[in-house]
Amino acid sequence: MKILTFSGSTPAEALKKAQLEVGEDAMLIETREIQKKSLGKSALYEIVVGVEEEFLSKPIPRNKEPLAQQRPLAQKSSDVLFNISEAAKQISKIAEVTEEERVPKQAFQAPSEDLKRIKDEIEKLGDKVKIIQNMFWDEKSPKTSVAIPPEFAEIYRLAQQSGMNQDHLDEIMQLTLEHMPSKMRENSETVKRYFQVVLRKMIPVRMETSPKMGGKKVVMLVGPTGVGKTTSIAKLAARYSYLLEKKYKVGLVVLDTYRIGAVEQLMQYARMMKLGIETVVDPPEFSGALNSLRYSDYILIDTMGSSPYDKGKIEKIHECLRSNDTDYSVDVVLVLPSSIKYEDLKATYDNFAPLGIDTMMFTKLDETRGFGNIFSLVYETKIPISYFSVGQEVPEDLVVSNSDFLVDCLLNGFRKGELS
Ligand SMILES: Nc1nc2c(ncn2[C@@H]2O[C@H](COP(=O)(O)OP(=O)(O)OP(=O)(O)O)[C@@H](O)[C@H]2O)c(=O)[nH]1
Ligand SMILES: [Mg+2]
């Protein structure tokens, strides 16, 4: 065996030279560092290889470098450890190990740096996922598809379950999509908050105002049978006459002339609260009844319950309103139960609409779970809400209308215990 040495600025470079000169069959005997890298000087490595004489006799390609670095070495072939290919693999393994060793060392020195890098990467990935979701939402508007992106899914489901009319829901979703800043679409919490703001803006409410100096408020409650008109009149009478800071004079009128029981019901409340009460049998008596209560700040008018399809009874109320020749304008409040579906609310509204509805009052909120029907009716008719009735108790189960209350009921359900 012939022993040869090759040198290079790295062990790999020296090996490459050896491979070019003597081929793959040489055996690596030793690798040495001859000169350390220093300023202005590159490092120098020397490898020692052993080659069988027979391989050396093969012609060496003409364009190969001469064996400039070659020098014999007193080394036995039994000391040969590797062939050159194996050595090459070993050297690259050493390089890998060195690299691996360096990583944990760095991690140990600056763990927060690496964690920060990983965190940044995760955040970037999260952003990409959200961008994809938003692109998906842009493409599939709720008008054309039921596929709602995850951030919108919760709010969409809640609104749908609330009994809101589907067309209204789709319209509102469309509006939300158009106006919502893209930053807010990022998670379901911000989507919900924005959706709440949109809904709130869409609910017309009538603020409660007191009668002007020397003025009077005349309020008439109309609506189907058994919805809670008389009970609500009693709650309002109690509120105005002794629950508010200022105590107002309240007078009552009852238009329900055919049902003795109904008149008696309001009479009892009047007695309890010491309020004046007038009854009206025929429409021409209506103005007279108002005039006889002229000392009052509030005149509250209870009417006979009418089936929404009983045009005769509704017409009788209309006649009273038309016959009013006093100076007082009558605020007509349509009382509706929140427990019926949107389509029935709308049909009822349509039947009472000829009376000229000024505001709506929704009762029996304590008996229902979804409030989308109320939302849809006010969204459709644009008639503001004045009050909610949330139970049978007089006078406490009355809520003065505010959009926050309805939106909260709509999205989170009604919780009587949480009423202030
Ligand atoms: N749970 C619940 N019951 C209510 C509410 N408001 C009224 N009621 C009840 O509903 C029933 C009918 O109430 P009324 O006030 O007599 O209804 P009305 O609209 O005057 O009925 P008519 O005069 O027959 O047309 C009574 O038992 C009330 O206690 C409410 O908000 N929640
Ligand atoms: Mg009644």
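Q: How do α12 and α13 lie relative to each other?
A: In this predicted model, helix α12 (residues 342–352) and helix α13 (residues 372–381) have axes that come within 9 Å and cross at roughly 40°, and α12 and α13 are therefore oblique to each other. Angles under 35 degrees count as roughly parallel, over 145 as roughly antiparallel, 65 to 115 as roughly perpendicular and the rest as oblique. The axes are lines fitted to C-alpha atoms, for helices over the stretch in contact, with angles running from 0 to 180 degrees between N-to-C directions. Helices (H or I, at least four residues) and strands (E, at least two) are DSSP runs, numbered from the N terminus.

Q: Which residues of α12 and α13 make the contact?
A: On α12 they are Y342, L345, K346 and Y349, and on α13 they are N373, S376, L377, E380 and T381, where contact means that two C-beta atoms, placed from the backbone, lie within 7 Å. By class, this contact of α12 with α13 has four nonpolar, three polar and two charged residues; Ala, Val, Leu, Ile, Met, Phe, Trp, Tyr, Cys and Pro count as nonpolar, Asp, Glu, Lys and Arg as charged, and the others, Gly among them, as polar.

Q: Changing topic, which residues come nearest to ligand 1?
A: Among the 18 residues around ligand 1, the nearest are G228, T230, T231, G305 and S389, and a residue counts as near if its C-beta atom, placed from the backbone, lies within 6 Å of the molecule. Helix α8 (residues 229–243) gives the largest share of this shell, three residues, and the shell divides into three nonpolar, 10 polar and five charged residues.

Q: How are the numbers and letters assigned, and what limits apply to the model?
A: Residues are numbered from 1 along each chain as its sequence is written, while chains are lettered from A and ligands numbered from 1 in the order in which they are written. As the model is predicted, local features need pLDDT of at least 70 and side-chain atom pairs count only at pLDDT 80 or more, whereas totals for chains, interfaces and linings use all residues.
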